[in-house]
Amino acid sequence: MAAQHWLDLLRLDLVCRTTIIVFSTLYLLALIAFLTGTFGWLGQERDPLSGVFLLPLGLPWIILVDLVSESAKPWFAAIVPVLNLLALVLICRWVRSLRQK
């Protein structure tokens, strides 16, 4: 029974780490695409839709974008996925602490 409990903890830890790594990677790539399109880095043309990949990563918080001023909206959309990343980390820590009791 102890071996099964250890295996469950190992699986949970693997799922949490994988989820956090995948989300972080997707966020980093979307942020690079946003910055590249916004400022025209690396010889790219400026693209007003460069932040579109940040929108699904920022749900449900992105719905609050109407509360932000017009000039801050792109930066709000760029920062909001950090809340989801923080939530993932906290949920994984909480579940791990519940499992260890």
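Modeller: Start with a term: a helix here is a DSSP run of H or I with at least four residues, numbered from the N terminus. This is a predicted model. In it, H3 gives the most to the lining of the largest pocket, with four residues.

Colleague: What makes up the rest of the picture of that lining, and which residues lie nearest the centre of the largest pocket?

Modeller: The lining has 16 residues, and Phe34, Pro48, Gly51, Pro74 and Ala77 are the ones nearest the centre. H1, helix H2 (54–57) and helix H3 (73–79) each supply at least two lining residues. By type, the lining divides into 10 nonpolar, four polar and two charged residues. The space in this pocket is about 270 Å³.

Colleague: Why is the pair Cys16 and Cys92 called a disulfide?

Modeller: The cut-off is a pair of cysteine sulfur atoms within 2.5 Å. The sulfur atoms of Cys16 and Cys92 are 2.3 Å apart, and the two form a disulfide. The structure holds one disulfide.

Colleague: What does the pair Cys16 and Cys92 tie together?

Modeller: Cys16 lies in helix H1 (residues 2–39) and Cys92 in helix H4 (residues 81–100), so the pair ties together parts 76 residues apart in sequence.

Colleague: Why is the disulfide called left-handed?

Modeller: The torsion about its S-S bond is about -100 degrees, so the disulfide is left-handed.

Colleague: How do you know whether Cys16 is buried or exposed?

Modeller: Buried means under 20% relative accessible area. Cys16 has 9%, so Cys16 is buried. Cys92 has 8% relative accessibility, so Cys92 counts as buried.

Notes. Residues are numbered from 1 along each chain as its sequence is written. This is a predicted model: local features need pLDDT of at least 70, side-chain atom pairs count only at pLDDT 80 or more; totals for chains, interfaces and linings use all residues. Side-chain values use heavy atoms; hydrogens and water are left out. Buried means under 20% relative accessible area, exposed over 50%, partly exposed in between (1.4 Å probe, protein chains only). On a 1 Å grid over the protein atoms alone, a cavity is a set of points where a 1.4 Å probe fits but cannot get out, and a pocket is an open set with protein on both sides within 12 Å along at least five of seven lines; lining residues have an atom within 4 Å of a point. Grid points are joined across faces, edges and corners, and a volume is the space filled by probe spheres set on the points. Ala, Val, Leu, Ile, Met, Phe, Trp, Tyr, Cys and Pro count as nonpolar, Asp, Glu, Lys and Arg as charged, and the others, Gly among them, as polar.
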